[in-house]
Amino acid sequence: MGDTPATLALDVGGTKIAAGLVGADGSLSYTATRPTRADQGAETVWAVVTELLDDVLARAGGRVGAVGIGSAGPVDVNAGTVSPINIPGWRGFGLRDRVTAAVPGVPVALGGDGVCMALGENRHGAGRGTRSMLGMVVSTGVGGGLVLDGAPFHGRTGNAGHVGHVVVDAAGEPCRCGGRGCVETISSGPAMVRWALANGWTPEQRGAGVVDARALAAAAESGDPVALAAFRRGTDALAAMIASVAAVCDLDLVVIGGGVAKSGALLFDPLRAALSEYARLDFLTGLQVVPAELGGDAGLVGAAVLAGLA
């Protein structure tokens with residue numbers, strides 16, 4: 001990466017934590033991942049982070065220009081703390097200060113994982129050149145982040161873009177956030193599987209009896225009517241949410257990644273059809289929905305971009 005030091009990026013999730021070295025062009029010269037060990041307490045999870053920091057710093061020869069952190073939320077970017085729902089031991093955990101102490105002498109920026117994903121795709125992925133966009137992940141949950149007028153939009157605390165908790169069914173199922181009827185309760189992979197099983201889907205067992213969104217997608221591809229209905233129900237809810245967010249934020253583009261998005265046309269074709277029914281205002285008619293390009297690296301790339309903007 002020449003004489004310009006790379007940015008050290010961290011992407012903190014409930015299942016795994018990733019770290020890498022990111023160049024100014026968004027390229028990753030090195031990445032490493034470790035299981036989060038989220039069920040083993042705050043300091044155990046922090047030990048995973050320090051192990052990754054030591055690994056990546058050693059690869060960089062001890063020289064990095066900045067550190068960017070994208071974390072599952074909620075986050076508090078003002079206080080530098082994180083309280084990820086899926087890391088029970090981290091409540092008000094001072095992640096930014098801890099990383100600053102571990103990597104002294106360089107600026108450290110913290111953002112939510114959704115806004116980092118969106119920022120990565122906006123600068124180096126499917127959203128290149130777009131002024132205002134929503135970046136989304138549809139997987140075991142539904143997450144998102146916003147780039148508005150070319151800048152990451154954090155909101156008051158850093159939690160803007162939590163689109164998985166837009167309510168699309170006021171009488172819907174309870175959500176893990178404490179509310180009910182959130183799009184995540186309908187459109188996430190596990191939610192679609194639950195609905196399909198409750199409505200008569202009898203999946204072929206794979207491996208050790210795994211029944212997941214990949215199995216549901218395979219059944220839908222084979223023409224299973226209940227599996228197809230589960231995808232239509234999920235994409236309809238996504239379309240309603242996207243139309244609402246786009247109307248509020250006047251978006252140009254929506255970029256979707258995550259495990260469920262890997263089902264390709266099975267997700268995107270009915271989603272685009274449903275969106276055309278919901279997004280009828282003149283300024284929404286050109287709204288595009290496209291697959292993400294950076295895959296699982298989007299959060300790291302976006303965290304590095306965030307560090308460069310701090």
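Me: Which residue stands opposite V255 in β11?

Reply: That's G135. Before we go on: this is a predicted model, so local features need pLDDT of at least 70 and side-chain atom pairs count only at pLDDT 80 or more, while totals for chains, interfaces and linings use all residues. Residues are numbered from 1 along each chain as its sequence is written, and side-chain values use heavy atoms, with hydrogens and water left out.

Me: What makes strand β8 and β11 a pair, and how do they run?

Reply: Pairing takes at least two bridges between the strands, as found by DSSP. Strand β8 (residues 133–138) and β11 have five, and they run parallel, so they pair by that definition. Strands themselves are DSSP runs of E, at least two residues, and helices are runs of H or I, at least four, numbered from the N terminus.

Me: How many bridges join β11 to strand β12?

Reply: Four, and these strands run parallel too. One partner pair is L253 with Q288 in β12. From β11 the chain crosses through helix α8 (residues 265–278) to β12, and this β-α-β crossover is right-handed.

Me: Why is a crossover called right-handed?

Reply: Because, with the strands pointing away from the viewer, the path from the first strand over the helix to the second runs clockwise.

Me: Is S71 buried or exposed?

Reply: Buried, because its relative accessibility is 0%. S71 sits in strand β4 (residues 66–71). Leaving aside neighbours within four places in sequence, its contacts (heavy atoms within 4.5 Å) include V12, V82, P84 and D113.

Me: What makes D55 and R34 a salt bridge?

Reply: The cut-off is a side-chain nitrogen of Lys or Arg within 4 Å of a carboxyl oxygen of Asp or Glu. D55 and R34 come in at 3.2 Å, N to O, so the pair qualifies. D55 lies in helix α1 (residues 42–59) and R34 in strand β3 (residues 28–35), so parts 21 residues apart in sequence are tied together.

Me: What about R176 and E184, with side chains that meet in a salt bridge?

Reply: Their N to O distance is 2.8 Å. R176 counts as exposed because it has 56% relative accessibility, whereas E184 is buried at 7%. Elsewhere, salt bridges that share partners join R34, E51 and D55 into one network.

Me: How many salt bridges does a search of the whole structure find?

Reply: Seven. Between domain 1 and domain 2 the count is zero.

Me: How is the protein divided into domains?

Reply: Domain 1 is 7–118 + 297–309 and domain 2 is 129–291, with bounds from an automatic or database domain assignment.

Me: How much area do domain 1 and domain 2 bury between them?

Reply: About 1,100 Å², 67% of it on carbon and sulfur atoms. That is the accessible area (1.4 Å probe) that two parts lose on being put together, summed over both. In domain 1, V115, M117 and A118 lose the most to domain 2, together 43% of what that side buries.

Terms used. Buried < 20%, exposed > 50% of the residue type's maximum accessible area, 1.4 Å probe, protein only.
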